[in-house]
Amino acid sequence: MDLFSGLLIGFNVALQPVNLFYCFAGCCIGTLIGVLPGIGPVGAMSILLSMTFGLPPATAIIMLAGIFYGAMYGGSTTSIMVNIPGEPSSVITCLDGYQMARQGRAGAALGISALGSFIGGTLSLIGLLFLVFPLAQAALQFGPPEFFALICGSMVFLVYLSKGAAGKAFIMILIGLILGTVGIDRISGVSRFDFGFPYLLDGIDFIPLAMGLFGISEVLMNLEETMERTIFESKLRNLLPNLEDWKRSIGPILRGTLIGFFGGILPGAGPVTATFLSYTIEKKLSKDPGRFGQGAIEGVAGPETANNAATGGSFVPVLALGIPPNVIMAFLMGALIIHGVSPGPLLISQHPQIFWGVMASMYVGNCMLLLLNLPLIGFWVKLLRIPYRILMPMILLFCIIGSYSVSNSVMDVIVMVIFGVVGYILRKFDYEAAPLLVAYILGPMLERAFRQSMVLSDGKFSIFMERRIAAVILLISALLLLHAGYSYYRKAKLKVGSKRPPQETGDHP
Amino acid sequence: MMFWLGMGLFVTVYAYTLGLKGFHDPGPGLMPFIVGLLLCLVSLYLLVTSLLKRDAVEETNKGEEKKVSLGAISLVVGSLIAYALLMERLGFLITTPLLLMALFRGSGARKWRSIVFTSILTSLIVYFAFTYLRVRLPAGILRF
C-alpha cells in the first residue's frame with residue numbers, strides 16, 4: 001500500500017463525523033488538563049479510557065491521542081500567563097514566556113507557541129510517516145532475540161536518560177518488571193506472586209495501576225501545597241506575532257522540530273527532555289544569550305515546538321516495533337491492547353484503518369487545536385480560576401468511576417488507592433513512577449522474548465551475540481549502563497553535596 | 001534502599017520456589033529470579049554509593065519533613081477505601097454524595113449547605129451521564 005492510498009483511507013476514517021467529534025473532544029480535554037495543573041495527560045487518559053470501551057478502537061485511540069497532544073498545547077498557556085507549568089513539558093516555557101507576558105507581550109508568546117506547536121506537530125507527522133515504514137519492514141525480520149535486545153535497550157535508555165538518579169530509575173524498572181509478572185504465567189500456567197488472593201491471579205490491571213500512580217498520587221501531592229495562583233492580568237492583544245518575531249522564531253521552530261522528533265523516538269527522552277535540549281541549544285546559538293530568561297521569543301518558540309514534535313516522534317517505536325518509548329505511549333499501547341489490537345510491525349497491514357486513521361486525525365487535530373487555542377486563550381485562562389479544592393474531589397471521583405467501570409470490580413478501586421499511596425511515597429523519595437509503568441508494559445514482552453530465545457538457542461546465551469542486530473543493541477546498552485553507573489559513582493565519590501541544577505541532571509550524565 | 005534490598009531478596013527466593021528449570025527450558029520463576037537478583041545488586045550498589053555520599057541521612061528524612069498534611073492525606077485515602085468497600089452494598093447514589101462531602105470538607109470548603117448541595121447535584125449529574133454512556137455503576141439500594 002502506498003502513501004497516497006493510505007492517507008486516503010486515513011482521512012476517510014478521520015473525517016467521519018463520529019471520529020471528528022471524538023478528536024475534537026480529545027483535543028478539548030487535552031487542552032483543559034494541560035491548562036489545569038494537578039492532573040497530567042496520563043491521569044486524564046486513564047480516567048477517560050473506560051469511556052472509550054464502547055467505541056471502535058480507531059475512534060478510541062484518536063481521542064486518546066488528542067488528549068496527548070492537546071495537553072502539550074494547553075500546558076504552554078499556563079506557563080506563559082501564570083508562570084505555573086501545566087505539564088512538565090512546558091516547565092521551560094515559563095522562563096521566557098512569563099517574562100514576555102510581563103512585558104505585555106503575552107499575545108505574541110501564546111501565538112508563537114501555538115503556531116510553533118502546529119508546525120512542529122505537522123512536520124513530525126510527516127517524519128513519522130517516512131520512518132515508520134522502513135522500520136516496520138525491518139522489524140518483520142526480527143525474531144525473539146532481536147526483540148529481547150530492543151526491549152533491554154529501551155529500558156537501559158530509560159535509566160540513562162532519567163531525570164533523577166539513574167539508580168532509582170533502575171529500581172523502578174525492576175519493580176515494574178516484577179509487577180508485570182504477577183498472575184498466571186501464560187506459558188507454564190503457574191501462578192506467580194498471588195499470595196492467595198484470587199484477584200491477583202489475573203495480574204494487576206493496567207488501569208488501576210496507572211490511575212493510582214499518576215492520578216491519585218498527583219492529587220495527594222497537591223494536597224500538600226496550597227497553590228498560589230496570581231493570574232497575570234493583561235489585555236491580550238496582537239495574538240499574531242509580528243514579522244520581527246517570526247524572523248527570530250523560524251530557526252528555533254525548525255530546530256525544535258528536529259530535536260523534538262528524534263527526542264521523541266528515543267526511549268525515556270520524550271517531550272520533556274526535548275524541551276530542555278531545545279532551550280539549551282537556542283541559548284548557545286544565540287548571538288545574545290543574555291536575552292534568554294528576559295523574555296526572548298526564541299526561548300518560547302523552540303521548546304514549545306519541540307514538545308509537540310516529540311509527540312509525533314514517540315509514535316514511531318510504538319507503531320513500528322510495539323515498544324513504547326515513554327509513559328504516555330505505554331499508556332496508549334495499553335489502550336490498544338485492551339481494545340484487542342496488538343501494536344507492532346504487523347499493525348499497519350492488519351489494521352490499516354487504525355494506523356492511517358490515527359495519523360490523519362492527528363493532522364486534523366493539530367488544525368483543530370490551532371483554531372481552539374488562538375481565539376479561546378482568554379477562556380482557558382479563566383478556567384485557571386477554578387480553585388483546586390473543587391477540582392480535587394472531582395478528579396478523585398472520576399478516577400474511581402474509571403477504575404471501577406473497567407471490570408465492575410471494587411478490587412480495582414482498592415488496588416488503585418493502594419498504588420496511589422505507593423506512588424505518593426515514591427514521589428516523596430524522589431522516585432519517578434514513569435519507568436515503572438513502562439517496564440510493567442514491557443515486562444511480559446521481555447519475558448516472552450527471553451524465553452523464546454532461550455528455547456531457540458537451547459539455553460545458550462550466545463544467541464544474542466550471533467544475531468548481529470541484537471548484539472549491537474545489547475552492546476550499546478551495556479556501555480550506556482556502565483557509563484551511567486560510573487558517572488553516578490563518580491558523583492557520589494566527589495560528594496557533590498550541593499544540589500545540582502535540575503535541568504542538567506538527566507540530559508548528559 | 002534497605003527496603004529495596006529486602007524486596008529483592010524476597011523476590012529472588014520466591015521466584016526460586018517457582019522453579020527455574022535452567023536456561024534451555026526456562027521455567028516460570030526464571031525471569032523473576034533474574035530481576036530479583038538485579039534488584040538486590042542495584043540496591044546494594046545504591047547503598048554503597050549513598051554511604052560514600054553521606055547524604056543518605058538527609059534523604060531518609062525527606063519523607064518525614066512535612067507531617068502537617070498527613071491528616072488531609074489519610075482523610076482522603078481513608079474515605080476512598082471506605083467508599084470502595086461500601087459502594088456496591090449501598091449503591092453509587094448514596095455513597096458518592098457522602099464521599100464528595102468528605103472530600104470537599106477535607107479540601108477546606110466551609111459552608112455546609114453549599115457542600116451538601118454541590119455533592120448531591122454532581123453525584124446525580126455524573127450518575128446519569130455515565131449510565132447514558134453505558135458505564136455500569138452500582139445502583140445499590142436505590143434502583144431506577
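Guide: The crossing of α10(A) over α12(A) is right-handed, meaning that the near helix is turned clockwise from the far one by less than a right angle, anticlockwise being left-handed. This is a predicted model, in which local features need pLDDT of at least 70 and side-chain atom pairs count only at pLDDT 80 or more, while totals for chains, interfaces and linings use all residues. Residues are numbered from 1 along each chain as its sequence is written, with chains lettered from A and ligands numbered from 1 in the order in which they are written.

In chain A, α10 covers residues 243-265 and α12 covers residues 298-321. Their axes (lines fitted to C-alpha atoms over the stretch in contact) form an angle, on a scale from 0 to 180 degrees between N-to-C directions, of about 30° and lie 6 Å apart. The two helices are therefore roughly parallel, a term for angles under 35 degrees, whereas over 145 is roughly antiparallel, 65 to 115 roughly perpendicular and the rest oblique.

A second pair in chain A is α4 (residues 57-82) with α13 (residues 327-338), whose axes are 10 Å apart at about 165°. Because of that angle, α4(A) is roughly antiparallel to α13(A). Their crossing is right-handed. Among the residues of α4(A) that meet α13(A) are A:Ile61, A:Leu64 and A:Ala65, and the residues on the α13(A) side include A:Leu332.

Beyond its neighbours within four places in sequence, A:Leu332 is in contact (C-beta atoms, placed from the backbone, within 7 Å) with A:Ile61, A:Leu64, A:Ala65 and A:Val318. In the largest nonpolar core, which has 196 residues, A:Leu332 is also one of the three that touch the most other members, together with A:Ile61 and A:Leu437. Such a core joins buried Ala, Val, Leu, Ile, Met, Phe, Trp, Tyr and Cys residues through C-beta atoms within 7 Å.

A residue is buried with 20 or more other C-beta atoms within 10 Å of its own, exposed with 12 or fewer, and partly exposed in between. Buried residues form 59% of the 509 in chain A. By contrast, A:Ala138, in helix α6 (residues 106-140) of chain A, is partly exposed because it has 14 C-beta neighbours inside 10 Å.

Overall, chain A contains 21 helices and two strands, these being DSSP runs (H or I, at least four residues; E, at least two) numbered from the N terminus.

Technical notes
Contact = placed C-beta atoms within 7 Å.
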